Amino acid sequence: MKFVTKGPSVSASTPKMALAAALLLSGSYAAMAQSVVVQGNRRVEAATIRAYVADGNLEQARRDLMATGLFSSVRVARQGGSVVVNVVENNVINRVAVEGNKKVNKDTLLPELQTKARGPYSPAIAQQDAQRILELYRRSGRGNAQVTHRVVDLPNGTIDVVFTIVEGDKTGVKSINFVGNEAVSGYRLRRLMTTTESNFLSWLKNSDIYDPDRIASDLELIRRYYLKNGYADFRIVSNEAVFDSAQGGYIITITVDEGQQYRVGPVSVESRIRDVDNAALQRRVVSDSGDVYNAEAVEKSLVGITTEVARRGYAFAQVRPVGQRDPAGRVIGITYVVEEGPRVYIERINVRGNTRTRDYVIRRELDLGEGDPYNKVLLDRAERRLNNTRFFKTVRMTTEPGSAPDRVVLNVDVEDQSTGQFSIAGGYSTADGFIGEVAVSESNFLGRGQFVRLAGSTGQRSRGVEFSFTEPYFLGQRIAAGFDIFSKYTDNTKYSRYENRQTGGTIRATLPITEEFSVTGRYSLFQQDLKIPNDYKKPYNDCSLPLPGYTALNADGTALYPNCAYDGEASVALKEAAGKTITSLVGLTFTYNTLDSNVEPRNGWYAELKPDVAGLGGDSRYLRVTGDVRYFREFFEDFVGIARIQGGHVVGFGGNDLKIVDHFFLGPSLVRGFAPSGIGPRDISADPSSNALGGTTYFGGSLEVQFPIFGLPKELGMKAAVFADAGTLFGFEGQRAFDVNRNGVFDCARPTVQPECVVVRDDRSIRSSVGASLLWSSPLGPIRFDYAIALSKGDGDRTQAFRFSGGTRF
């Protein structure tokens, strides 16, 4: 009873006691704040420092104050009834400077530093910055660089922070070694890498600089090479880079486990979608049973099947390859399983990092948009497409959860790179002599993905100007449309007896039908202005227009023939063709391309078929078709065989003879070892060696083997080739009698006057040659030197054993 009666009394007084305790506690905190003495602060407010010690945990307060980076020293201690906080503030930085740097620009170094002007100085951060500078130098190939830093006190109480750099000599990759490779030689693997070993060309290159990121990319190239060539179990065991101070560079050792090479076993498609037939999807499979296993072919099959299923209305379908390895038989059976995937939609696409390229240029490569079904295969293809544009240094696609379980957010992170080029080129060819070119091009014009090029050239026997523009997505579709405008003068007097200027333009549009096949529509309108030189240096028309004091004359004032032809005389067919001719031409180009590389192909097919019709206005009337097929096959390491066949035919229509300028004029482009216009029908009535008339039909073939020059480093870009060519050109269908003298009579038999009838030598025999070549795919431009021996030729053909073409870019 007594306890119970006191209970309510205690309970009723509890709120008052709690309030009194709270007031007492707050008073102690106020007393604590007031008893904190701050010493040594110059810029930081004392109240800010006191806030860190308000809870009474002095050691934690000291740690928190040091973590701000504002102080180089903090001491917190109790002295009597007070807490004394003694601080030494970091100096304020007036300026950050670097000295001793010659190989790496300060604009590259300063943005990487955490030490900033107008910020507090921290010795620890400055030391970290010195390490960052060392890392930048290491990536630029100078692993022996040394970096120190010092501070310079200024009168106003601030400081300058100066980083002193001793760059040292270049430290490249001295050796790249492979361990565990048995099927593929180390020589071949090193040629796959973009990282190279140091050699006598090191002063010209930077590919021998050790860069971990580049090594990682090289390892991926090696991995894809093995997977492409049947080694499905391949893996990279380790990658070690050791700096050898004795050799002054890095020794890289890459250990691999090749596994065994597989071939493709049974290939099938298993559709688990009711209305999708297996047979219809089987046609989209690239791999065939018996082929060497190729991971790239599997990727292409995935894209093809996914596209076909989506076209049939199953946007959420997933295609996954299932491999059945048979190690004993060394085969992999592949089953492409097609099934309904989870219904996940793309909620949002974030394009990030593009400072120059416009968003729509990136988005149009995706084939997917906000609200579309999520499809990993199509996104992988989009990433490859973005990389192939060469607009970006890096492309990375990631996903994150959306606002609902069936939504994802797609992030596309890119880093723009320079896409413009200014080039000055100089070179020599046996056809054009010495030539120079200045060109400006931009493959991502104004960030719109458009290609623009303006070039001008001049040389001994040619000069011209051209402008090209291409919009790769015309009207928002995957149609590459553009135009070319050109004007070119050519002096053909070394191989024939005329000069020509061609001026005009072409409108074109290319529609890709599949990844390998495309169709291009073309319309060209151009004018040819053909002239026969007739002066004392080039008297190629003095049989018709005598040169005073030079040309021997008949009694009637006409040029004495054949005296006037001894120093070179143009065919009457060329004389009649002199003047301006306008050609209006429409055509198509059918292209099939399966090359593994358009720059240096090793495997695959390239074929072109071009039907053309001239006659939509203008002076020329003809039907023309040309074809060119090339097959590349690497039959041994770096030994590439090339087989080529080509042909063409042109015929006039409308009741008119084919104009001489509309014939085919061929030489080394058909059979090496022959001069330009050195093959085909000729006018033997005057100067037969230099009066090619052209032909209407040609065909030819060639076999070539390209191989490396052993002992020379890969980066030199030199290789050799041997070849054999065969072909012919025949069928002159032009006018054969002309009234050049304009007297109303065809003078074809007067002995002292140049005949006005063409005497055609049309030899249909097969021309052939064998030879060797030296090729240089250097960074300064492509150069090719051919030496060919003609094995068979026709009457009147002109041979040319040496042929040199190429240029330099600097």
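Two residues are in contact when they have heavy atoms within 4.5 Å of each other. With that in hand, here are some exercises. The model is predicted, so local features need pLDDT of at least 70, side-chain atom pairs count only at pLDDT 80 or more, and totals for chains, interfaces and linings use all residues. Residues are numbered from 1 along each chain as its sequence is written, and side-chain values use heavy atoms, with hydrogens and water left out.

**Exercise 1. Find which residues Asn-86 is in contact with, leaving aside its neighbours within four places in sequence.**

Step 1: Start with the element. Asn-86 sits in strand S3, residues 82–89. Strands (E, at least two residues) and helices (H or I, at least four) are DSSP runs, numbered from the N terminus.

Step 2: List the partners. They are Gln-39, Ser-73, Val-74 and Arg-75.

Step 3: Gln-39 is 47 residues from Asn-86 along the chain, yet their C-alpha atoms are separated by 4.7 Å.

**Exercise 2. Describe how the residues lining the second largest pocket divide into nonpolar, polar and charged.**

Step 1: Know what to look for. On a 1 Å grid over the protein atoms alone, a pocket is an open set of points where a 1.4 Å probe fits, with protein on both sides within 12 Å along at least five of seven lines; lining residues have an atom within 4 Å of a point.

Step 2: Note the volume, about 320 Å³. That is the space filled by probe spheres set on the points, which are joined across faces, edges and corners.

Step 3: Find the middle. Of the 19 lining residues, Asp-657, Leu-658, Lys-659, Ile-660 and Gln-735 are the closest to the pocket's centre.

Step 4: Sort the lining. There are 8 nonpolar, 5 polar and 6 charged residues. Here Ala, Val, Leu, Ile, Met, Phe, Trp, Tyr, Cys and Pro count as nonpolar, Asp, Glu, Lys and Arg as charged, and the others, Gly among them, as polar.

Step 5: Check the elements. Helix H12 (572–577) and strand S23 (579–593) each supply at least two lining residues, and the largest share, 3 residues, is from H12.

**Exercise 3. Explain why the pair of Trp-605 and Tyr-631 is tilted.**

Step 1: Recall the rule. Rings of Phe, Tyr and Trp (its six-membered ring) pair if their centres lie within 6.5 Å; planes under 30 degrees apart count as stacked, over 60 as edge-to-face and the rest as tilted. By this rule the model has 20 aromatic pairs.

Step 2: Apply it. The ring centres of Trp-605 and Tyr-631 are 4.5 Å apart and the planes are at 40 degrees, so this pair is tilted.

Step 3: Trp-605 belongs to strand S24 (residues 604–618) and Tyr-631 to strand S25 (residues 622–636), 26 residues apart.

Step 4: Look at accessibility. Trp-605 is partly exposed at 42%, and Tyr-631 is partly exposed at 26%.

**Exercise 4. Say where Arg-390 is found and whether Arg-390 counts as buried or exposed.**

Step 1: Locate it. Arg-390 is in the loop between helix H11 (376–388) and strand S14 (392–401).

Step 2: Judge its accessibility. The value is 62%, so Arg-390 counts as exposed.

Step 3: Check the backbone. Most residues other than glycine have a negative phi. Arg-390 is not a glycine, yet its phi is positive, about 65 degrees.

How values were computed. Buried means under 20% relative accessible area, exposed over 50%, partly exposed in between (1.4 Å probe, protein chains only).
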